[in-house]
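Colleague: I am new to reading models like this one. Could you take me on a close look at a single part and tell me what surrounds it?

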Amino acid sequence: MTALTRFKLAQLDTTLSVSALLGQVADLTPRPTSTRGRPRAGLPVPVTPGPDVVDTVLFEDPVNPAARFWLPRYALATEETSGGPHYQARLAAQGGGWRLDLTLRRYAAPELGALPADARVLDHTVLAGLRWERGGVLRERPFTERGENPDGTLGLALTVGTLPERDELYTALTTPEGKATLIVTRGVRVAVRVPDEPAPVVRPRKWKGGAFDEDPGPRFPSRRWRGGLFAEEPGPRLPPRRWRGGALDEDSATRDHLPVPVVARLAGRGVGPGLARARAVTGLTPLQPLHVRPRPDLSDLLVRPDRIPPLIVNSVLATPQLTVGEPEVFDQGGEPWARYPLRVTNAAEYGDDLFAPAPDLPPCGANANSARTWVDIFDAGNTRLYGFCALGRARDLEGLWVAVRAGGRPAGVSVELVDRRAGLSARSATVALPPLDLFEVVERALTGEEALLFHPGLHAYVFPGLGTPTGGGGSLIPRTVPFGGASHRYYQDEVRHEVFYALPDSFKLAREADPPRRPRLTLECLAPDRYRLTFAARPTFDLDRLEGARVGLARHLPAGHPGPVRLEPFHTSQVSFVPVDAGLYTKGGVQTTNLGELRGTVELEGAAFARVWDELTGALPVSLGGKLRAEVGGLPAEEVPVALRLDDTVGECVVVTAEPDPDSGGYRVRLINALESPLRLGQPTPFVASLKAPEEGLRPARWEKFVALADLLAPGDEARGLLKPVADVPLADYVPVVDTDRVRAVPDLERITQGMLVGVVRTFGRTVTAEVPADVFAAPPDPAHPGRRLLAVHVHFEGGDTAELLRPADPGVLLVRGEATVMYPLLDLLLGRPPGEYRYRVLPVYTDGPGQPGEWKAASTDLLSVGLG
């Protein structure tokens with residue numbers, strides 16, 4: 001059994017009554033979240049051939065594309081009679097009330113033309129409603145009965161119980177001012193192709209003074225050693241590597257984007273002297289750690305300090321010729337990744353000595369036997385993606401690979417070979433990555449509308465036995481009820497006296513319908529200094545205000561009217577959005593849906609984005625919002641505030657399920673945190689509501705037991721309780737209702753922000769200035785190397801750039817300085833985290849070559865003073 005939450009009472013689109021609350025039980029049933037990045041052959045539903053789900057195309061079977069499906073549209077059917085064609089519509093008295101019956105026919109969209117003979121109807125659900133307008137207020141009623149007829153048509157029925165309701169319905173159907181409209185919504189579950197959009201080639205930029213400045217790249221490019229001097233050599237420095245699980249590979253601590261800590265896995269090949277052979281990579285089975293074991297037969301290949309070869313000066317590396325194979329798609333942490341095999345086709349041009357262990361050179365992390373030549377993989381924007389530092393022979397260049405996120409994959413990749421002993425490097429041309437053909441299963445609703453207008457004389461058969469209606473006019477009567485020190489207006493229906501329309505208290509950032517119910521806010525980085533924010537806001541109602549209004553409005557019921565007061569949300573098409581800062585919407589706009597939902601898009605740059613982001617996270621007053629101005633017939637306009645903040649959202653925060661427990665006379669209830677953030681649950685107030693007599697309203701209940709394992713309910717965790725009605729009731733005829741209005745989320749801004757980022761999540765740079773006293777260059781020479789002079793000091797930053805401090809030509813210089821860029825994630829910038837700690841080490845460069853690099857050290861300042869001690 002699906003239980004309800006009292007919060008839903010404030011979010012209904014058509015009514016705030018308990019009867020409508022009960023009518024939406026199916027809407028509260030959690031649906032499975034969509035799965036992104038699945039190959040076509042494994043899909044459980046038909047596939048749409050285009051980027052969107054529309055009814056103007058034929059859907060295809062995922063395995064057999066020749067098997068096709070079509071999604072029908074629905075329209076009011078006609079029938080042939082002796083008096084000519086008649087609409088299949090009827091409003092007549094039935095069982096003490098009046099019932100509107102409509103018959104709908106299926107038809108294919110004209111764009112489909114003649115359907116193939118073997119095309120089948122796509123599985124779908126149908127919801128229908130009738131909307132009309134009276135006195136400036138939009139009214140909507142669902143057809144409560146639906147059934148498929150033997151001839152394939154669809155029957156709908158709507159029942160009203162009072163004469164004023166019948167007259168209002170009659171007037172809506174027979175006058176142009178009524179604007180009666182049939183609304184048919186078809187729900188489908190299909191697969192759509194995930195857009196394969198390579199990441200744009202953009203250099204990193206630096207955050208300076210509230211805006212992004214162009215970062216032209218490393219200030220000091222890599223250099224190679226030529227005859228005692230450094231010659232310019234384009235290309236980034238290599239970051240350090242680490243020893244992971246007994247195998248040499250990437251330093252995953254500085255590569256947060258990698259799906260798993262990876263090892264240099266070459267199918268059936270050793271990864272270097274002293275290492276066991278790696279298993280072949282098949283499927284998605286994780287590899288076991290490789291273990292170190294002695295290889296006596298290869299001991300002669302180990303380089304010892306007394307065997308360090310002389311410096312190679314004039315060698316030239318052949319340019320790698322790179323090819324890319326078809327990708328293998330796998331799932332990592334719920335996100336699709338693609339593993340591309342890479343092959344250097346001219347591997348035979350390189351000698352195996354290039355990949356021999358080199359203990360005399362800087363290590364790859366903790367591994368002192370890393371290869372002499374390292375291989376690095378770059379995207380088209382020169383960002384390093386991955387690398388191999390433990391290849392054992394040249395032929396291993398034919399078994400390289402790189403794993404990238406399927407969303408926002410690089411447009412292309414290149415490989416660079418760096419001979420660390422000779423100071424040489426060679427890079428391939430950038431090769432395009434083959435596109436990915438992936439799909440996600442989605443649920444979509446397609447809505448169609450058809451105007452309904454029947455002339456009483458021409459279509460008298462639609463209204464048999466009604467006679468002359470008593471009139472369906474009428475207007476709204478404003479009523480005022482105080483609450484919380486302010487007066488609030490409600491609008492009484494002149495025909496249905498028990499109905500009062502209420503405006504929302506505010507509009508707030510909405511949450512998704514499916515767990516985890518993230519805020520409906522997305523952030524897309526269009527360029528390093530330009531962003532697009534897309535949001536949706538929903539109305540909120542103060543439930544205590546509404547409960548108090550029921551009492552205050554009851555005195556406006558006519559004498560003898562049984563009541564009770566019914567509160568319905570006020571909907572009107574005459575609504576406009578007035579932003580606080582209209583300048584924010586110069587690139588974008590806002591759409592409103594009859595005071596039911598507000599959707600907006602803005603594009604922001606530089607300081608404007610920084611300001612809006614601070615507002616969304618609650619640091620400053622909100623300027624992205626504004627107010628909705630609603631016209632109420634000839635009465636003064638109403639204004640509803642719109643506040644958009646990540647720490648104050650609207651939407652269901654828990655999933656509530658219940659099972660009757662006849663032994664105790666209650667219900668066993670589970671409350672599951674459906675958000676991405678922890679919840680401060682407390683002990684929500686319980687009720688029960690009748691399924692057979694919803695007009696009874698909410699009946700009190702109590703918790704016999706209520707157990708939450710902690711004060712804060714973590715995402716996905718649950719609380720359990722035994723809920724018992726205060727009065728004995730038939731359990732099968734009632735449904736539990738839990739008041740979650742006072743349940744509060746404790747926002748996890750990191751998870752919220754991670755969920756809202758769309759596309760490429762770029763990293764941004766922090767500028768660090770390194771300095772060294774100039775007198776280190778004038779230090780006495782080492783007696784062991786009397787002719788050696790210090791030429792430069794290199795400061796290597798882990799995961800970033802290299803600052804090069806050159807020997808000063810001016811003897812009066814006291815400090816030598818150089819700048820470098822330390823990269824950090826965009827997420828840190830958005831969450832306002834300080835740049836934090838970074839790691840660096842110092843490498844002295846002498847006239848006879850590089851010296852011994854120092855140990856890795858940690859620092860956090862923008863000005864870094866280093867030395868050679």
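Threonine 572 sits in the loop that links strand E37 (566–569) to strand E38 (575–579); helices (H or I, at least four residues) and strands (E, at least two) are DSSP runs, numbered from the N terminus. Please keep in mind that this is a predicted model, where local features need pLDDT of at least 70 and side-chain atom pairs count only at pLDDT 80 or more, while totals for chains, interfaces and linings use all residues. Residues are numbered from 1 along each chain as its sequence is written, and side-chain values use heavy atoms, with hydrogens and water left out.

Is threonine 572 buried or exposed? Threonine 572 is buried, because its relative accessible area is 0%; buried means under 20%, exposed over 50%, and partly exposed in between (1.4 Å probe, protein chains only).

Which residues does threonine 572 touch, apart from neighbours within four places in sequence? Its contacts (heavy atoms within 4.5 Å) are Gly136, Leu138, Asn594, Leu595, Ala630 and Glu631.

Now for confidence: pLDDT is the predictor's confidence in each residue, from 0 to 100. The protein chain has a mean pLDDT of 78, and 79% of its residues reach 70 or more. Over residues 202–315, though, the pLDDT is below 50, and this stretch has 270 contacts in the model beyond near neighbours in sequence. Residues 7–35 also stay under 50, with 73 contacts beyond four places in sequence.
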